[in-house]
Amino acid sequence: MRDLSSPKEKSSSLNPIHLLLVEDEESHAVLIQRVLQKHPSRQPFHVTIAGSLQEAREHLRTAVPDLAIIDIHLPDGSGIELLTAETGTPSFPIIAMTSHGDEKIAVKAMKAGALDYVVKSEAAFNDISHVVERALRQWHEMSERKRAEKELRTQAKQLMTLSHISHQILSGREVKALMREAVSLTARTLKIIKGAKVLELLPDHKTLLLRAGTGRWSSLVGQTIAVADQDPLIRHVLASDEVVFVEDLRTDKRFGGSSLLFERYGYISGIGLPLSSREDCLGILLACSEQPWLPNNNDISFLQSVANTLAVTLEGKRTAARMRRLQNDLLQANQFSTLDEFGAVLAHEVNQPITAIINYLRACQQIIMSAKEPTLQTILELMDKGVGEAERAASIIHHLRESAQTGETVRGYENLNTTVYDASQLALGEAVDGDIVVNFELSPRLPPLYINKIQIQQVVFNLVRNAVEALAGAGEKSLTIKTASTQNHTVEVQVQDMGPGVDSLYQDKIFKRRFSTKKAGMGLGLAISHSIIKTHRGDLWVSTTPGGGATFHFTLPVTS
Ligand SMILES: Nc1ncnc2c1ncn2[C@@H]1O[C@H](COP(=O)(O)OP(=O)(O)OP(=O)(O)O)[C@@H](O)[C@H]1O
Ligand SMILES: [Mg+2]
């Protein structure tokens, strides 16, 4: 095998074109080589001549030429063997050479992957440099086309991935599942990526929660990784709010050769993309590889789109959580939409204990004034009741203030029967003129309920007061107060009267504020009660008592 460099090549600084000439006939080889040397091309030719299949194979084992000219007739076999030895398509352009009359073999060579052929003649040898140039150009064009096709295929794949993720968002998939899918699709679409993950920046702006991860990170999903400050790559992404690449961590000076996130899991290159919303950075998408890797523009724009999609999802999740909180706050605050309302509720709820206090004190006055018998014991009992009512008024004011300020009330585990009984007695109190028959049917097997006792007492008080008021002109003055466990982990309270019932015209209106059919009614009792039961996650409704009258029901959940 001879290595023949042209004089032009020796003096030229341009990269030579490596050409393998497989030709056993020396005179032909020399002629071809001379023609090529004389050719005024921009790049010089570096020609290696192989005189047999064997020599050609040896050369190809160590080097890939830019082009090969192969004589089909060789002393140790057919040049076509060299073509078919290449798997699929040859990795370099090949020009086949045949003798005159061997055109059929030339066709065979073309089918085997040769780019062109020449039939040996002096004229053909003299023209060989043009044939070589044409073949090189054609090869270059083919390679470019293949590269563009491959890129298009990659882009199509990436677009499909993105459209898949967007579709998942639109179909309202759960955020966690969506993140999982986004990282696994990313890793599948970009083969070089061996680990992809989504880190959510928590509201403290310091800690990151691993929301989804592939590769070596998958086992850590759901764990908080406190690295916002520790890891240089993450610090860079968060500080700049821009995409950051590390082609090779071991040589990248910006990171001082170390990144906990990478090293611990055996990655040496990667890209970090911020998940940016309009106002804030919500997290990071990381894609890493075990080999040095510099993503191309396509890879970056694909990853950028995945990051944007994830940012939109995360922002949506946060907005939904904010809306839920707001809704809840509104529900709580709904009890007092204005200061006026607060005043009205206060007046309504405190009016009764104050009236009771006044009555107890008047009774004391009368006893002392009449002074028939100085029944100190009776006076003490009346004053005790007065103090109890004053304390209840103070407690109502305290809870109303608390609820108005924070939207929350203090709850505890309470015995519902005692709560219902005490409140009913208060409501019946001085209102019972003796002819109302009151039945208590309290279930003995109720679990303790997690409630605000004062508020639930207010509800029972309001319902029993309404019932007493409804019985004012009724023939059968009976009232039943029941408690019972019901299905679905709830407990139900019923206040049943035999009064005139609720006119069907008013059924929808009675729970609204300021609706009253009474001369001195404020129209607040049921509205307040409804709002209290709602904040306890229960229901309040009215039905008709069998045989006439109204039954008010409310439920409360049993919490474990
Ligand atoms: N047990 C009942 N039987 C018949 N109608 C009732 C009964 N309870 C309530 N209602 C109707 O519902 C209306 C609203 O009741 P709500 O307790 O909200 O206000 P109110 O009793 O009129 O006034 P207040 O705010 O002083 O309690 C009443 O005016 C009455 O028409
Ligand atoms: Mg009322």
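**View 1. Strand β13 and its neighbours in the predicted model.** In this predicted model, strand β13 is largely enclosed by the rest of the structure, because seven of its eight residues are buried. Strand β12, which covers residues 244-246, runs antiparallel to β13, and three bridges join the two. Within this pairing, V244 stands opposite G272 in β13. Strand β13 is also joined to β14, here by eight bridges, and these two strands likewise run antiparallel. In this second pairing, S276 stands opposite C281 of β14.

View 2. On the surface, D280 gathers with D241, E242 and E279 in a patch of negative charge.

View 3. The structure holds nine salt bridges, and in one of them the side chains of K120 and E23 meet, with a distance of 3.0 Å from N to O. K120 belongs to the loop between β8 (116-119) and α6 (122-126), while E23 belongs to the loop between β2 (17-22) and α2 (26-38), so this pair ties together parts that are 97 residues apart in sequence. Are the two partners buried or exposed? K120 counts as buried because its relative accessibility is 14%, and E23 counts as buried as well, with a relative accessibility of 1%.

**View 4. A salt bridge between two helices, R57 and E81.** In this close-up, the side chains of R57 and E81 meet in a salt bridge, with 2.9 Å from N to O. R57 lies in helix α3, which covers residues 53-62, and E81 lies in helix α4, which covers residues 80-85, so the pair ties together parts that are 24 residues apart in sequence. R57 counts as partly exposed, at a relative accessibility of 33%, and E81 is also partly exposed, with a relative accessible area of 37%.

View 5. D539 forms a salt bridge with K534, and the closest N and O atoms of the two are 2.8 Å apart. D539 is partly exposed, its relative accessible area being 38%, and K534 counts as partly exposed too, at 32% relative accessibility.

View 6. How many of the eleven residues of helix α16 are buried? Nine of them are, and the helix, which covers residues 525-535, is thus mostly covered. The buried residues of α16 are G525, L526, A527, I528, S529, S531, I532, I533 and T535. Helix α16 is followed by R537, whose phi is positive and near 60°.

Key
Residues are numbered from 1 along each chain as its sequence is written. Chains are lettered from A and ligands numbered from 1 in the order in which they are written. This is a predicted model: local features need pLDDT of at least 70, side-chain atom pairs count only at pLDDT 80 or more; totals for chains, interfaces and linings use all residues. Side-chain values use heavy atoms; hydrogens and water are left out. Patches are made of residues with over 30% relative accessible area and no salt bridge: like charges are joined within 9 Å, nonpolar side chains (Val, Leu, Ile, Met, Phe, Trp, Tyr) within 5 Å. Accessible areas come from the Shrake-Rupley method with a 1.4 Å probe; for residues, only the protein chains shown count as cover. A salt bridge is a side-chain nitrogen of Lys or Arg within 4 Å of a carboxyl oxygen of Asp or Glu. Lys and Arg count as positive and Asp and Glu as negative; His and the chain ends are not counted. The place of a charge is taken as NZ of Lys, CZ of Arg, CG of Asp or CD of Glu. Buried means under 20% relative accessible area, exposed over 50%, partly exposed in between (1.4 Å probe, protein chains only). Helices (H or I, at least four residues) and strands (E, at least two) are DSSP runs, numbered from the N terminus. Two strands pair if DSSP finds at least two bridges between them.
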